[in-house]
Amino acid sequence: MAGDEQQKKPYDETMESAKLFEDIKQSKAKQASNTEGHLKAQPAKAAPQTSAEREGPDRPSPGEKGKATEASIGELFSNLVKMSPQEKIRIEDHSIGSLFKKYLSKRG
Amino acid sequence: MAEPEVKAAEQEMLAGFLKSNETTGEINTADNKRAVIITRDLWKALTDAASERLAAEFDDVLYSAGLAWGAHAYAEFNKGVSSSQKTLYHIRNMGLSDFKQQFNTYLTCHGWGRFDIYQKHEIIFVDLFSSAFPEMVERHDAMTCSLMAGFFSGFFTELIGVELSCIELRCAGAGAEKCTFLVADSGITSSVRKWLIKGRTSDEIVEAIAAKEYQGKK
C-alpha cells in the first residue's frame, strides 16, 4: 500500500498542476472574450469637442478654474506683510501651547 | 414724474439706510444701531468748531476716530460673515471678489459709499466712490477724508494682523471723481505725506512708489 502511494504521488502532482494550468488558460480566454464583447457592446464615443472634454473630467471648467485660482483678500496683502517690520506684525498664536504660556513664563 | 411718485421713491431710498420706529420714536441703521438725524447746518457748525478748536490736529483726531471705528467695523463685519459662512476659518481666506461684494454691501447699507481694492507696485490702493464724508464737509479745495483713511487703516490692520497705515492720495472733496487711499506701512505713508505737502500730484506719487523712492527716504 505504501509503495502504491509513493508511485501515485508524482503522477497526481503532475496531473494537478496540468489541471491548474488548464484552468488558468480557460479563465484567461473567458476573460478576453468577455472584454471583447463588452467593448463591442459599447457604442462608439463621439470625438471630444471642447478642450475640457479632451483633457478629461478632472480638469476644471473655465469658471471653476477661475474660482480655484482666485486670490484671497489675505493674499492681496502678502507683499505688504513681507515688507512690514517684524515688530508691526501681530503674532496670532492658536496653538495648544499658547494656552499654557503664562504658566511657563511664571516658572521662568 | 408725479409728486406722489417722488415721495415714494424718497421714502424707499431712506429705508435702505435707516428705519424709524413710530412707537418709540427711535431711528436705527440697517443693523439696528441707534442713529440721529441732524441738519446739514448743524453738522457743518460742529465740524467747523472742531476744526477751529483743534487747528492742525483736526485731521489727526479724525484719523484716530476712524481708526477706532474701523477696528469696531471689522469686528462687526467678521461676526456677520462668520455667521453666514460657517466653514470659513478666517476672513483673510475669503476670495477677493467675495470680500469686495460683502464689504461693499456693508458700506453701502450704511451709506458710506462703494469701494474697490487693488494692488499696484506692491502697495494696496483703495478707491471709494460716492463717499459720504466729502459731501457732508462741503469743501472743494482740500482732501478731507482723514476719517475714512483712519477707518481703512483700522479695518485692514485688524483683518491682516499687521499694523497698517492709510493716507488719502486724491479726494472727491478736491474735485476728483473718487477718493483714493493708499494702505501701507507707516514708513511709506509718512513719505507720501511729505510728498503731498511738497505739492506732488497723486499720479507723481504713484510713479514715485513704482520707483521705490520711499526706500531712500526711510
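This is a predicted model: local features need pLDDT of at least 70, side-chain atom pairs count only at pLDDT 80 or more; totals for chains, interfaces and linings use all residues.
**Entry 1: a pair across the chains**

For my bookkeeping, residues are numbered from 1 along each chain as its sequence is written, chains are lettered from A and ligands numbered from 1 in the order in which they are written, and side-chain values use heavy atoms, with hydrogens and water left out.

I then looked up how the two residues meet: Lys88(A) makes a salt bridge with Asp185(B), and the closest N and O atoms are 3.0 Å apart. This pair crosses between chains, since I find Lys88(A) in the loop between α5 (78-83) and α6 (96-99) of chain A, and Asp185(B) in the loop between β6 (179-184) and α7 (186-197) of chain B. By salt bridge I mean a side-chain nitrogen of Lys or Arg within 4 Å of a carboxyl oxygen of Asp or Glu; helices (H or I, at least four residues) and strands (E, at least two) are DSSP runs, numbered from the N terminus. Over all chains, the structure holds 10 salt bridges.

**Entry 2: salt bridges within chain B**

I next found Lys212(B) and Glu122(B) joined through their side chains in a salt bridge of 3.0 Å, N to O. Lys212(B) sits in the loop between α8 (202-210) and α9 (213-217) of chain B and Glu122(B) in the loop between β3 (114-120) and β4 (123-129), so this pair ties together parts that are 90 residues apart in sequence. Lys212(B) is partly exposed at a relative accessible area of 31%, and Glu122(B), also at 31%, counts as partly exposed.

I also noted a salt bridge between Lys178(B) and Asp127(B), with the closest N and O atoms 3.1 Å apart. Here again distant parts of the chain are linked, for Lys178(B) is in the loop between β5 (165-170) and β6 of chain B and Asp127(B) is in strand β4, 51 residues away. Buried or exposed? I checked Lys178(B) and Asp127(B): Lys178(B) counts as buried because its relative accessibility is 16%, and Asp127(B) counts as buried at 4%.

**Entry 3: strands around β4(B)**

Of the 7 residues of β4(B), 6 are buried, so I read this strand as largely enclosed by the rest of the structure. On one pairing, β3(B) and β4(B) run antiparallel over 7 bridges, two strands being paired if DSSP finds at least two bridges between them, and Phe115(B) stands opposite Leu128(B) in β4(B). These two strands form a hairpin with 2 residues between them, and His121(B) in the turn has a positive phi of about 50 degrees. β4(B) also pairs with β6(B) in the antiparallel sense over 5 bridges, with Ile124(B) opposite Val183(B) in β6(B).

I then turned to Glu168(B), which is placed in strand β5 of chain B and counts as buried at 7% relative accessibility. Beyond its neighbours within four places in sequence, Glu168(B) has contacts that include Met143(B), Thr144(B), Cys179(B), Phe181(B) and Leu196(B), a contact being heavy atoms within 4.5 Å. Glu168(B) and Thr144(B) lie 24 residues apart in sequence and 8.6 Å apart in space, C-alpha to C-alpha.

**Entry 4: two helices of chain B**

Helix α2 (residues 40-54) has 15 residues and should span 21 Å at 1.5 Å a residue, which agrees with the 21 Å between its end C-alpha atoms; the expected span is 1.5 Å times one less than the number of residues. Just after α2(B), I noted a positive phi of about 50 degrees at Ala55(B). Helix α6 (residues 146-160) is mostly covered, with 14 of its 15 residues buried, and Gly161(B), just after that helix, takes a positive phi of about 80 degrees.

**Entry 5: chain B as a whole**

I counted 9 helices and 6 strands in chain B, and buried residues make up 39% of its 218 residues. Among its contacts between residues at least 6 apart in sequence, 51% join residues at least 24 apart.

Technical notes. Buried means under 20% relative accessible area, exposed over 50%, partly exposed in between (1.4 Å probe, protein chains only).
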